Amino acid sequence: MPGDPSLRREGVAVPASPHRSGRPYRTARERMFEIYGDLCHLCGHHGAGEADHLVPISKDADQPIDPHAMRPAHGANAPCPVCGRKCNTARGNKPLTAVRPKLRTSRDWYAGPQR
Ligand SMILES: [Zn+2]
Ligand SMILES: [Zn+2]
C-alpha cells in the first residue's frame with residue numbers, strides 16, 4: 001500500500017550491516033553463486049550479479065549469513081541484459097510474494113527503461 005512509511009526508506013543510505021559487506025557476507029555470496037548460478041530469481045533471466053536476500057535485511061536484521069537465504073538477482077550495477085530490470089533494486093524490501101508474480105505478469109509497477 002502506498003504510504004507505508006517503511007517504503008520511504010529506500011534509497012536512503014543503509015547502515016553498515018554484516019549482511020551487506022565483510023568477509024562472511026562475501027563468502028556466503030560466492031557460495032550462493034556456486035549453488036544457484038547467475039539466474040535471476042526475480043525475472044528468470046541469466047546475468048544476475050547481486051545477492052538478493054529472500055527475507056530483506058530491513059525485515060530481519062538478525063538472520064544468519066547463509067547462502068541459502070539469498071538468491072542471485074540483477075541490481076543497479078548490472079541490470080538484466082534481457083529485460084533491462086534492476087530486479088534487486090526494484091524489489092526493495094517488498095516480500096517476495098508481492099514482487100514475483102508481478103515481475104512475471106505485469107510491468108505496471110515498473111516504468112523503465114522505455115523509449
Ligand atoms: Zn532479474
Ligand atoms: Zn530479466
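Reader: Does Pro 81 count as buried or exposed, and why?

Author: The model is a predicted one. Burial is judged by counting C-beta atoms within 10 Å of a residue's own, and 12 or fewer make it exposed. Pro 81 counts as exposed because it has 10 C-beta neighbours inside 10 Å. Pro 81 sits in the loop that links strand 2 to helix 2 (87-91).

Reader: How far apart are Pro 81 and Ala 48 in sequence and in space?

Author: They are separated by 33 residues in sequence, and their C-alpha atoms are 9.1 Å apart. Ala 48 itself is in contact with Asp 38, Leu 39, Cys 40, Pro 72, Ala 73 and His 74, when neighbours within four places in sequence are left aside.

Reader: Which residues form the largest nonpolar core?

Author: A core of this kind joins buried nonpolar residues through their C-beta atoms. Here the largest one has eight residues, namely Cys 40, Leu 42, Cys 43, Ala 48, Ala 73, Cys 80, Cys 87 and Ala 90. Of the 115 residues of the protein, 20% count as buried.

Reader: Why does Met 70 count as buried?

Author: The threshold for a buried residue is 20 or more such neighbours. Met 70 has 24 C-beta neighbours inside 10 Å, and therefore counts as buried. Beyond four places in sequence, Met 70 touches Ala 28, Arg 29, Met 32, Ala 51, Asp 52, His 53 and Leu 54.

Reader: In which strand does Met 70 lie, and what covers the faces of that strand?

Author: Met 70 belongs to strand 2 (residues 70-73). Both faces of strand 2 are covered, with Met 70 and Pro 72 buried on one side and Arg 71 and Ala 73 buried on the other. Strand 2 pairs with strand 1 (residues 50-53) in the antiparallel sense, over four bridges. In this pairing, His 53 stands opposite Met 70.

Reader: How is the span of helix 1 to be read?

Author: A helix is compared with the span expected at 1.5 Å a residue. Helix 1 (residues 23-36), of 14 residues, reaches 20 Å from its first C-alpha to its last, close to the expected 20 Å. Gly 37 follows helix 1 and has a positive phi, near 70°.

Reader: In what order do the elements run, and what share of the contacts joins residues 24 or more positions apart?

Author: From the N terminus on, the order is α-β-β-α-α, with three helices and two strands. Among contacts with a separation of 6 or more, 61% join residues 24 or more positions apart.

Note on methods. Residues numbered from 1 in each chain as written. Chains lettered and ligands numbered in written order. Predicted model: local features only at pLDDT ≥ 70, side-chain atom pairs only at ≥ 80, totals over all residues. Expected span 1.5 Å × (residues − 1). Contact = placed C-beta atoms within 7 Å. Core = buried A, V, L, I, M, F, W, Y, C linked by C-beta atoms within 7 Å. Pairing = 2+ DSSP bridges.
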